[in-house]
Amino acid sequence: MRYTPICLSIRGECLKIYPSLYLQNGRVVPTTRQDEVCPPMPLDLAEWLIDEGATRLALVDLDAAKGHGNNRELIGQILQRCRARDRKICVQVAGGIRSSD
C-alpha cells in the first residue's frame, strides 16, 4: 500500500495531512492510544514512510520542547537518510527550537 497524504476539504480549500513523528527519549511516542504496541524505531519508521511514498515528514522533538534534553542527533540521522534519497523529501522540525544552529 503506497502512502498518500489525506486531503480534507474545508470551505473549498484542501488541507493535506502529512505524517508526524513525535520524538521523546530517542523513540517515537504514540499519539493516539497509550495501550498501543511500541512503535518501530524512528529511523526505521521514517524510512518506511518514505519508501511508501511520503514526500513530507514532520519531526517534533518533545524533549527539547519541554526543556529536558533533545533528539538533535536522531533528527540529524533522519535528515541524512532523507538527503540520501533520489527524490526530494521536505522535512519540518519543531519543538524547543531556540536558534538556527
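Q: What share of the 101 residues in the chain is buried?
A: This is a predicted model, in which local features need pLDDT of at least 70 and side-chain atom pairs count only at pLDDT 80 or more, while totals for chains, interfaces and linings use all residues. Residues are numbered from 1 along each chain as its sequence is written, and side-chain values use heavy atoms, leaving out hydrogens and water. Buried means under 20% relative accessible area, exposed means over 50%, and partly exposed lies in between (1.4 Å probe, protein chains only). By that rule the buried share of the chain is 28%.

Q: How many helices and strands does the chain have?
A: Helices (H or I, at least four residues) and strands (E, at least two) are DSSP runs, numbered from the N terminus. Along the sequence they follow the pattern β-β-β-β-α-β-α-α-β. The secondary structure therefore comes, by the definition of these runs, to three helices and six strands.

Q: Which strands stand at the edges of the four-stranded open sheet?
A: Two strands count as paired if DSSP finds at least two bridges between them. The open sheet runs in the order E4-E3-E5-E6, with mixed pairing. Two of these strands have a single partner each, so one side of each is left without a neighbour in the sheet. They are strand E4 (27-28) and strand E6 (90-94).

Q: Which residue in E5 is the bridge partner of Ser20?
A: Strands of a sheet can pair either parallel or antiparallel, through backbone hydrogen bonds. E3 and E5 pair in the parallel sense over four bridges. In E5, the partner of Ser20 is Ala58.

Q: Which residues is Cys82 in contact with, leaving aside neighbours within four places in sequence?
A: Contact means heavy atoms within 4.5 Å. Cys82 is among the residues with the most contacts inside the largest nonpolar core. Beyond its sequence neighbours, Cys82 touches Ile50, Leu57, Arg87, Ile89 and Val91.

Q: What accessible area does the nonpolar surface patch have together?
A: Patches are made of residues with over 30% relative accessible area and no salt bridge; like charges are joined within 9 Å, and nonpolar side chains (Val, Leu, Ile, Met, Phe, Trp, Tyr) within 5 Å. Accessible areas come from the Shrake-Rupley method with a 1.4 Å probe, and for residues only the protein chains shown count as cover. Leu8, Ile10, Leu15 and Ile17 form this patch. Together these residues have about 320 Å².

Q: Is Asn25 buried or exposed?
A: Asn25 is found in the loop between E3 and E4. Its phi is near 55°, a positive value in a residue other than glycine. Most residues other than glycine have a negative phi. With a relative accessible area of 64%, Asn25 is exposed.

Q: Which residues do salt bridges with shared partners join into one network?
A: The whole structure has three salt bridges. Glu47 forms one with Arg85, with the closest N and O atoms 3.3 Å apart. Asp51 also forms one with Arg85, at 2.7 Å between the closest N and O atoms. The network joins Glu47, Asp51, Arg81 and Arg85.

Q: How far apart in space are Tyr18 and Cys7, C-alpha to C-alpha?
A: Tyr18 lies in the loop between E2 and E3 and counts as partly exposed at 26% relative accessibility. Tyr18 and Cys7 are eleven residues apart in sequence. In space, their C-alpha atoms are separated by 9.3 Å.

Terms used
A salt bridge is a side-chain nitrogen of Lys or Arg within 4 Å of a carboxyl oxygen of Asp or Glu. A nonpolar core is a set of buried Ala, Val, Leu, Ile, Met, Phe, Trp, Tyr and Cys residues joined through side-chain atoms within 4.5 Å.
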